[in-house]
Amino acid sequence: MTYKGRSNFEHGERGKIGVLLLNLGTPDAPTTPALRRYLGEFLADPRVVEVPRFLWRIILHGVILRIRPARSAKAYRTVWTEQGSPLLIHTQHQAEALAAHFQAHSKDDIEVSFAMRYGNPSVSSGIEDLLGKGVRKLLVLPLYPQYSGSTTASTFDAVANDFKQRRWLPDLRFVSHYHDHPAYIKAVAESIRQHQEAHGKPDKLVFSYHGVPKKYLLKGDPYHCECYKTSRLVATELGLGDEEYITTFQSRFGREEWLQPYTDKTLQGLPAQGVKHIQVVCPGFAADCLETIEEIDIENREYFLEAGGETFEYIPCLNATPEHIQALASIIEEQLQGWSAQTVAEADETKQNFQRLNSGSEGK
Ligand SMILES: C=CC1=C(C)c2cc3[nH]c(cc4nc(cc5[nH]c(cc1n2)c(C)c5CCC(=O)O)C(CCC(=O)O)=C4C)c(C)c3C=C
Ligand SMILES: [Fe+2]
Ligand SMILES: [Fe+2]
């Protein structure tokens, strides 16, 4: 076994701090072959689909990867932009904005990079990028405010798998969630407030989160609880009463029961209860993507209006807005406490030790 080292390592360089933003991933193109590759990697992850491997491989390759890629590619084409997938572009902008934020606050020892759990840029390329810039202390921030084994833990697996192949591991900190962090709650509340200043207040505010199978909750996954807590804290920040908002779960996959209430069924039922004007916000998504732009703003809009709803408004994700960048920077700075980049003296000592080896003075 040969472990990966840094070919461009210079003895004497100052070890830096790195922040790696990670999101779920997205296909390379909105085409059937690209979707087959992406879904093949994503849905083979045992953190995502907890079905006995042998059985799941047969279903995945025999059925799902023959049907779903074409259907998903069609959906992706409705959201694709000239620059590419919205999720990828927003994540890239978030990383750039955070890097600029740290520069502007004289924290130029902090390097920021981003990567995707599935697809490109890969987790390994993100780690490689940071280590190549001299990062010796690494903070990994999965962009999932609410912890779930299917997302957050899977991200950790990918980092750990990369580390298994490396010779020199950096110090590591991993953010497992920030669903109740005051900075994040304020940023979500502020985005809703700004929307309502322009469009008025709805009959009901709908907090829609990506679902997971109900059995994950029953086996101990805290995701469900963390979603409800986020909704409650944002509602409190906005001064909403219990009747003024609701929490729902979207994006079901497969036939088993997922977390309820389902977003689509709820939206179809609201007009009959006299709720004609809704605003939908998706605080579980750090960036707009297929699941928000297509599933919520297109599909679920239709469900609501067809069921007799009159006004449907989608409140965009926080994306790379200054409020979000400020919130992420606060979360990151809190996590980085006690860490500093190497001093020049520390770096010099490494250099001298290396020179000692090369000059052959050792042992004389
Ligand atoms: C925000 C948190 C997410 C959780 C929790 C999550 C769980 C989860 N997802 C699937 C299956 C699919 N998800 C898909 C897309 C997708 N999912 C998330 C986030 C969470 N998923 C995002 C941000 C996206 C969008 C990516 C993009 O490119 O825009 C898809 C692919 C699209 C499709 O074919 O419908 C699938 C499939 C499962 C099974 C699951 C929990 C077990
Ligand atoms: Fe998903
Ligand atoms: Fe979806």
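At what angle do the axes of helix 1 and helix 2 cross? Keep that in mind while you set up the view.

This is a predicted model, in which local features need pLDDT of at least 70, side-chain atom pairs count only at pLDDT 80 or more, and totals for chains, interfaces and linings use all residues. Residues are numbered from 1 along each chain as its sequence is written, while chains are lettered from A and ligands numbered from 1 in the order in which they are written.

**Stop 1: helix 1 and helix 2**

Select residues 32–43 for helix 1 and 53–79 for helix 2. Helices (H or I, at least four residues) and strands (E, at least two) are DSSP runs, numbered from the N terminus. The two axes cross at roughly 130 degrees and come within 8 Å. Axes are lines fitted to C-alpha atoms, for helices over the stretch in contact, and angles run from 0 to 180 degrees between N-to-C directions. That angle makes helix 1 oblique to helix 2. Angles under 35 degrees count as roughly parallel, over 145 as roughly antiparallel, 65 to 115 as roughly perpendicular and the rest as oblique.

The crossing of helix 1 and helix 2 is right-handed. A crossing is right-handed if the near helix is turned clockwise from the far one by less than a right angle, and left-handed if anticlockwise.

Now show side chains. On helix 1, pick residues including Leu35, Leu39 and Leu43; on helix 2, pick partners including Leu60, Ile64 and Ala73. They belong to the contact between the two helices. Two residues are in contact if their C-beta atoms, placed from the backbone, lie within 7 Å. By class, this contact of helix 1 with helix 2 has 9 nonpolar, 3 polar and 2 charged residues. Ala, Val, Leu, Ile, Met, Phe, Trp, Tyr, Cys and Pro count as nonpolar, Asp, Glu, Lys and Arg as charged, and the others, Gly among them, as polar.

**Stop 2: helix 2 and helix 10**

Select Ala75, Tyr76, Thr78 and Val79 in helix 2; they meet Leu290, Ile293, Glu294 and Ile298 in helix 10. This contact of helix 2 with helix 10 divides into 6 nonpolar, 1 polar and 1 charged.

**Stop 3: the two domains**

Colour domain 1 (16–178 + 321–342) and domain 2 (182–315). These bounds come from an automatic or database domain assignment. The C-alpha centres of domain 1 and domain 2 lie 24 Å apart. Their contact takes 23 residues from domain 1 and 25 residues from domain 2. On the domain 1 side, helix 2, helix 3 (86–104), helix 5 and helix 11 (322–335) each supply at least two residues. Helix 11 gives the most to that side, with 5 residues.

**Stop 4: ligand 1**

Which residues come nearest to ligand 1? Select Thr26, Ser72, His210, Cys289 and Leu290, the nearest of the 22 residues around the ligand. A residue is near a molecule or strand if its C-beta atom, placed from the backbone, lies within 6 Å of it. The shell around ligand 1 divides into 11 nonpolar, 9 polar and 2 charged residues. Both domain 1 and domain 2 give residues to the shell, so ligand 1 lies between them.

**Stop 5: helix 6 and helix 8**

Move to residues 182–199, helix 6, and 223–238, helix 8. They pack at an angle of about 55 degrees, with axes 9 Å apart. That makes helix 6 oblique to helix 8. Their crossing is right-handed. Look at the contact: residues of helix 6, including Ile185, Val188 and Ile192, meet residues of helix 8, including Leu233 and Leu238. This contact of helix 6 with helix 8 has 7 nonpolar, no polar and 3 charged residues.

**Stop 6**

- Zoom to Pro121, in the loop between strand 2 (110–119) and helix 4 (123–132). The peptide bond from Asn120 to Pro121 is cis, with omega near -10 degrees.
- Go on to Pro261, in the loop between strand 6 (245–250) and helix 9 (263–269). A cis peptide bond joins Gln260 and Pro261, with omega about 0 degrees.
- Finish at Ser106, in the loop between helix 3 and strand 2. Ser106 is not a glycine, yet has a positive phi of about 55 degrees.
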